[in-house]
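Try each task before you read its solution.

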Amino acid sequence: SRRGARSSKSNSHLQFVSAPAVVDTMAVDAASGLPTLSMEEVAKHSTKEDCWVVLYGKAYDLTKFGKVHPGGAALIYDNAGKDATALFDPIHPKDIMDKLLKPSLTMGVVDPATIKEEHIAKPPAPKEKPKKAAAKPAGGQAVELEVEEFVKPPLAAMLNTFDFESVARETMEPQAWGYYSSGGDDEITLRDNHMAFQRITMRPRILVNVREIDMTTSFLGASSSLPLYFTATALAKLAHPDGEVGIVRAAHKAGVPYMLPTLSSYTLDEMLEARLPGQQLFAQLYVNPERSRSEEYVKKLEDAGVKALFVTVDAPQLGRREKDMRNKFTQQGSDVQGDDEDAGEVDRSQGATRAISSYIDPGLCWDDVPWLKSITKMKVLLKGVQCAEDAVMAYKAGLAGCVLSNHGGRQLDTCRSGIEVLPEVMEALREAGATREAFAVFVDGGIRRGADIFKAVALGAAGVGVGRPVLYSLASYGDKGIVRMVHMLQDELMMVMRLSGTPNVSSITSQHVITKNLSDHIVPLPADNLVAGTYMPLMPAARL
């Protein structure tokens, strides 16, 4: 079970990769001793029982991997015996197959001179626009109803993070939207991640000099324009061709750190090359069962000057993300899979789970923490802590901090939001003797307003991580969209700080919020029928 090309990807915008990249790859690989193959030889392996696929000039045996491919078996088997680089490149980094597959599954280097037009897998034709619908009015005569094409609002019309989400939903390909927006099972935790912030009420102080508001802060050796960082999210090219490179640029412009993802669309080198002088980065790590691969990756990060390493600990198995799964089922059906599906041999629901096990070690445990600390001088934190006991264990193990996170509501459904876990974690750490300087606590999941940032800081967080808002603003308007999104959060946070009587980040304390109802997931409010009958709901920009 190998990870391979993972995503719920759409191919309507794909571009063919130029031949020089293939030639360069071949020169390097030939020197490493891989056999040289002709494309005619690769083309003989064109069935689901014997499936070779060419990517960036190398032929890989994906026969077994096809059945567990997270993006659906069709994407593998439909391109058996072909060069699928054009389909693969817009989503995945060039080196992912060498990272994930066993060396024995790399069959050799393909001579580019033998690749003909018929050997190259082509992106599917763009989908037709929806046709006009017919309806019968009272008179019985059919009339055509106009189907309005979505017109993207100007960037200046975006007033909050929900505006970006509404535009992204209209502009992204359905599979990409399904991948980003989906949560685990019934998506209860996904929704509660944000709703939990609304169970915290404000307790402002008055007559404080708030003429000047300073939102700047620093954590883990990195400075930030506000207590926020861009957390790691996989496969950013699904949102925009600039992918993680665009996020790196936007993070610099916005003055916040960016946590580089392991499962990125660009290679680590490409992400690092996009960094501007003096820009500070973090990195996220999925620990590989082949520990030497993780050690090599971590060393590269440390040599590049990355400030901190966040080890993901909440994904020994992928959660069931049904929106994502349904998109793959309905949009990537294939005649090639028909027989297997009828026989029950294609298990879509478990495909990603089995595939990810070759890349993320489900055996990772507390006994591995000394090893993690030994392979780097970077600060090491755990990402995905969900209770006080584990936070205290991380502190006692000598780690630099933790992120209270449930993986964006994409893993275990009905678990608590990070902000709900925060008070118990801070209390337990105080009892254990931890200081904020020695052990930094962060929260991610559900942050959509400046007030959410304020509440997290008030309860003890050094900062918050945002993921989906970054992807949605990138998908809508590129890196400029991300910068505007951050500026909106800054404007909101400045207002909340001023109205709460907190001129700087250090003045924000637990005395400025009330958490009595935070752990009560059912908080009844009196119904006001007059308001309900007269209030006109606010609409996001895409629905105006």
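**Exercise 1.** In this predicted model, find how strand β13 pairs with strand β14 and how the chain gets from one to the other.

*Solution.* Start with the pairing: β13 and β14 (residues 308–312) run parallel and are joined by three bridges. Next, pick out a partner pair: Leu285 is bridged to Val311 in β14. Finally, follow the chain from β13 through helix α11 (residues 291–303) to β14; this β-α-β crossover is right-handed.

**Exercise 2.** Now turn to strand β12 and describe how it is joined to β13.

*Solution.* Strand β12 (residues 258–260) is parallel to β13, with three bridges between them. Within this pair, Leu260 lies opposite Ala283 of β13. The chain passes from β12 through helix α10 (residues 268–273) to β13, again in a β-α-β crossover that is right-handed.

**Exercise 3.** Work out why strand β13 counts as largely enclosed.

*Solution.* Sort the side chains by direction: Leu281, Ala283 and Leu285 point one way, while Phe282 and Gln284 point the other way. Then check burial on both sides: all of these residues are buried. Because five of the five residues of β13 (residues 281–285) are buried, the strand is largely enclosed by the rest of the structure.

**Exercise 4.** How many disulfides does the structure hold?

*Solution.* The count is zero. Take Cys387: its nearest cysteine sulfur belongs to Cys402, 9.9 Å away, whereas a disulfide needs the sulfurs within 2.5 Å. Cys387 is buried at 19% relative accessibility, and Cys402 is buried at 0%.

How values were computed: Residues are numbered from 1 along each chain as its sequence is written. This is a predicted model: local features need pLDDT of at least 70, side-chain atom pairs count only at pLDDT 80 or more; totals for chains, interfaces and linings use all residues. Side-chain values use heavy atoms; hydrogens and water are left out. Buried means under 20% relative accessible area, exposed over 50%, partly exposed in between (1.4 Å probe, protein chains only). Helices (H or I, at least four residues) and strands (E, at least two) are DSSP runs, numbered from the N terminus. Two strands pair if DSSP finds at least two bridges between them. A crossover is right-handed if, with the strands pointing away from the viewer, the path from the first strand over the helix to the second runs clockwise.
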